[in-house]
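Me: Please take a close look at one part of this model for me: the interface between the two chains. Walk me through what builds it, then turn to the sheet behind it.

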Amino acid sequence: MTINHHLTDDLIRSYSAGILPEAMDLIVATHISLCDECRAALCAQDAVGGAVLERARGEAVSDACLDRTLALIRGSDRAAGPARDTRKPDAPHDPVLPAPLRDYVGGSADAIRWRPVGMGVKQAVLRTKGDAKARLLRIPAGAAMPDHSHRGIELTMVLKGAYSDADGRYARGDIEIAHEDLHHTPVADVGEDCICLAVNEGPLRFKGILPRLAQPFLGI
Amino acid sequence: MWEFIFDPIPKRPRNPVMYGGVDTSKPDDSAPPARSVPAFDRISRRRQGRFMSRPTEGVAADWIDVIIRIRDHRDETAFVTLFRHFAPRVKAFLMRSGADAALAEECAQDVMATVWHKAAQFDPTRASVATWIFTIARNRKIDVLRRQRRPEPEDLPWGPEHEPDQADAIGLQQESEHLGEAIASLPRKQRELIEKAYFGELSHTEIAQQTGLPLGTIKSRIRLALERLRHAMDRS
């Protein structure tokens, strides 16, 4: 799989610093699940964090704190036995949803609870905290998303199928970063339905009157 | 207030107490202990084989030795050494993110306990010990201070037989040290800005607008680290 559209350095750096709203963390983690290039870039950003931590001046920690920590590790070692690599192997690979998304959907792509939003487009809002919203979108083959702009940035990552807009073509793994007030109308390829993860910093602003009226009910 | 320290040995009064047989009054609480026997010679377990089996050089490699002793021998003395070095730094990291001293200490405690429990998951081809602890501390911060879930990328499909390549691990540890040196050599103001960015004191917008985020000299170091990591991933 060739990924042509990647995360920006500042998004990866912000993910490493842990300052993004949950929905943005989700799309970053989802992209990195499929993209070795950005995975390596994240490790490099984390390495800077580690180097900063290593050279930072510490705050004195009491001996009581060490005592409590030792009690903690002894207690749980008695309960759980010695160190083992306890990571569970990832659930069987899902051709549509990488692991971080499966956690939010509660299963594979079959478990997504789609709601129609008009013109054949369906969506499923994912539950996240913070100032950004995440939703899955399903655009019928050959159809267009309603024309919209947005406050803040909008990140869209393709999970299945492909779409094109004025900026190019996006297929599985590709991420599009649209800045404020960019009007764009993604059109799905004709071959199959296109499933995307979309994350918005601010509410969407649709051009047409009907989508605008519908917006409050759709939670977007 | 916050400065990088080039001599990383804090001059603090110490309380020479014995912790259930663990001598915590060791003369140097901040540097990893010098090895008597090269750890990678002593320990080479294939099944848990996530570490190299021969020695490397440098401080970063010494911390790996400490993690191995924790992993394989549940060595509390090694853990205390690690704690004395990293817990104050983790506490400071959390305080800068807005935790008060008590909460920061409680979190530092959890972070260090996590290091103990997850020692078997540490992979020296992907991170230095400091980097690994940084990621654990950051996740704890998101959990406790921001009360948010932290979606993590799907792990690479490495089987349990995955044996990290030693050259990759040595290269990465050396690269980490060079990166640290590059940061330390930055002018003070620039270092402070880097600290702010990686300790989560700048917003995403601020980071995005930081065309002047003084990555200058460390940029090439980041790129080299990146190439190491790419290489390590290609082989896995």
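**The interface of chain A and chain B**

Reply: Across the interface of chain A and chain B, 25 residue pairs are in polar contact, both residues at pLDDT 80 or more. The model is predicted. On the side of chain A that touches chain B, the elements giving two or more residues are helices H1 (9–17), H2 (22–34), H3 (36–55), H4 (63–80) and H5 (99–105) of chain A. H3(A) gives the largest share, 18 residues. By class, this side of chain A has 34 nonpolar, 13 polar and 24 charged residues.

Now the extent. In chain A, 71 residues are in contact with 84 residues of chain B. The area buried between the two chains is about 7,200 Å². Carbon and sulfur atoms give 59% of that area.

Charged pairs come next. The rule finds 5 salt bridges across the interface. One of them links Asp25(A) to Arg150(B), with the closest N and O atoms 3.4 Å apart.

Then the sheet. In chain A, 6 strands form an open, antiparallel sheet in the order S1-S2-S3-S10-S5-S8. Its edge strands are S1 (115–118) and S8 (175–178) of chain A, each pairing on one side only. On average, neighbouring strands are turned by 30 degrees against each other, direction ignored.

Within this sheet, strand S5 (residues 154–160) of chain A runs antiparallel to strand S10 (residues 194–200) of chain A, and 6 bridges join them. Glu154(A) has Asn200(A) in S10(A) as its bridge partner. H2(A) packs on the sheet and touches S2 (121–126), S3 (133–139), S5, S8 and S10 of chain A. The direction of H2(A) makes about 40 degrees with that of S5(A).

Key. Residues numbered from 1 in each chain as written. Chains lettered and ligands numbered in written order. Predicted model: local features only at pLDDT ≥ 70, side-chain atom pairs only at ≥ 80, totals over all residues. Heavy atoms only, no water. Contact = heavy atoms within 4.5 Å. Buried area = accessible area lost by both parts, 1.4 Å probe. Salt bridge = Lys/Arg side-chain N within 4 Å of Asp/Glu carboxyl O. Polar contact = N/O pair within 3.5 Å; in protein donor to acceptor, adjacent residues only side chain to side chain. Helix = DSSP H or I, 4+ residues; strand = E, 2+ residues; numbered from the N terminus. Nonpolar A, V, L, I, M, F, W, Y, C, P; charged D, E, K, R; others polar. Pairing = 2+ DSSP bridges. Axes fitted to C-alpha atoms, helices over the stretch in contact; angles between N-to-C directions.
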